[in-house]
Amino acid sequence: MDLNDLILLPVAFLGATIAAFWLSMVIWTFRDIRSRTRDLPTQFLATLLVAVLNIPGLLIYLILRPRETLAEAYERALEEELILQSLEEIEQCPGCGRRVKAEFIVCPYCHTRLKQSCPRCERPLRLEWSLCPYCGVPLGAPVPSSTVPASTREHS
């Protein structure tokens, strides 16, 4: 082996290592930007930035990239929706303002009438409803005794 072979081997190894590092930065950037946006021009430009400028391009990309991934944004939106739903489910008594359960007919604190019972299925219904959404009976009409549950019928 002569001197050129001894110099060429480490230079080739160093060049291959640099090329592999450059390619891995480009691939990582492409995968990362795809997880953060659906905008194709943005994906292309971010990948091109790192491919052309190498490490300075990667640093610029890390500064400018979107803060959260699409999956994180989706999870955050689901959590916000869940919080809004749970806030809507909390009922308050219009008389005293205390929290009451959804199945309460009368407020246990101030005795304000909150709901009415269905004459057929006895489920709690809002006062403004004119029809039971559970069994379909109109609330203003009398209910035939054959449709009233046995627990509420008077025994003769």
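I began with Phe30, which lies in helix α1. Helices here are DSSP runs of H or I with at least four residues, strands are runs of E with at least two, and both are numbered from the N terminus. I noted that the model is predicted: local features need pLDDT of at least 70, side-chain atom pairs count only at pLDDT 80 or more, and totals for chains, interfaces and linings use all residues. Residues are numbered from 1 along each chain as its sequence is written, and side-chain values use heavy atoms, with hydrogens and water left out.

I looked up the cover of Phe30 and found it partly exposed, with a relative accessible area of 35%. The cut-offs are under 20% for buried, over 50% for exposed, and partly exposed in between (1.4 Å probe, protein chains only). Phe30 and Thr47 are 17 residues apart along the chain, and I read 5.4 Å between their C-alpha atoms.

Is Thr29 buried or exposed? Thr29 is buried, because its relative accessible area is 0%. This residue is also found in helix α1. Leaving out residues up to four places away in sequence, I listed Ala46, Thr47, Val50, Leu58 and Tyr61 as what Thr29 touches. Contact means heavy atoms within 4.5 Å.

**Entry: Arg36**

I went on to Arg36, in the loop between α1 (3-34) and α2. Arg36 counts as buried because its relative accessible area is 12%. Which side chain does the side chain of Arg36 make a polar contact with? I found that of Asp32, at 3.0 Å. A polar contact is a pair of N or O atoms within 3.5 Å; within protein, one must be able to donate a hydrogen and the other to accept it, and residues adjacent in sequence count only if both atoms are side-chain atoms. The side chain of Arg36 also reaches the backbone oxygen of Arg67, at 3.2 Å. Apart from neighbours within four places in sequence, the contacts of Arg36 include Tyr61, Arg65, Pro66 and Leu70.

**Entry: a nonpolar patch**

I noted a nonpolar surface patch of about 830 Å², made by Phe44, Leu45, Leu48, Val52, Leu53, Ile60, Ile63 and Leu64. Patch residues have over 30% relative accessible area and no salt bridge, and nonpolar side chains are joined within 5 Å. A salt bridge is a side-chain nitrogen of Lys or Arg within 4 Å of a carboxyl oxygen of Asp or Glu. I checked Ile60, which is in helix α2 (residues 40-64). Ile60 counts as partly exposed because its relative accessibility is 35%.

**Entry: cysteines**

How many disulfides does the structure hold? I counted zero, with a disulfide taken as a pair of cysteine sulfur atoms within 2.5 Å. The closest cysteine sulfur to that of Cys96 is in Cys107, 3.7 Å away, so the two are too far apart for a bond. Cys132 is in no disulfide either; the nearest cysteine sulfur, that of Cys118, is 3.6 Å away. I noted Cys96 as partly exposed, at 33% relative accessible area, and Cys132 as buried, at 1%.

**Entry: the whole protein**

I wrote down three helices and four strands, in the order α-α-α-β-β-β-β from the N terminus on. Of the 156 residues, 18% count as buried. The protein exposes about 12000 Å², and carbon and sulfur atoms supply 62% of that. Such areas come from the Shrake-Rupley method with a 1.4 Å probe.

Technical notes: Patches are made of residues with over 30% relative accessible area and no salt bridge: like charges are joined within 9 Å, nonpolar side chains (Val, Leu, Ile, Met, Phe, Trp, Tyr) within 5 Å.
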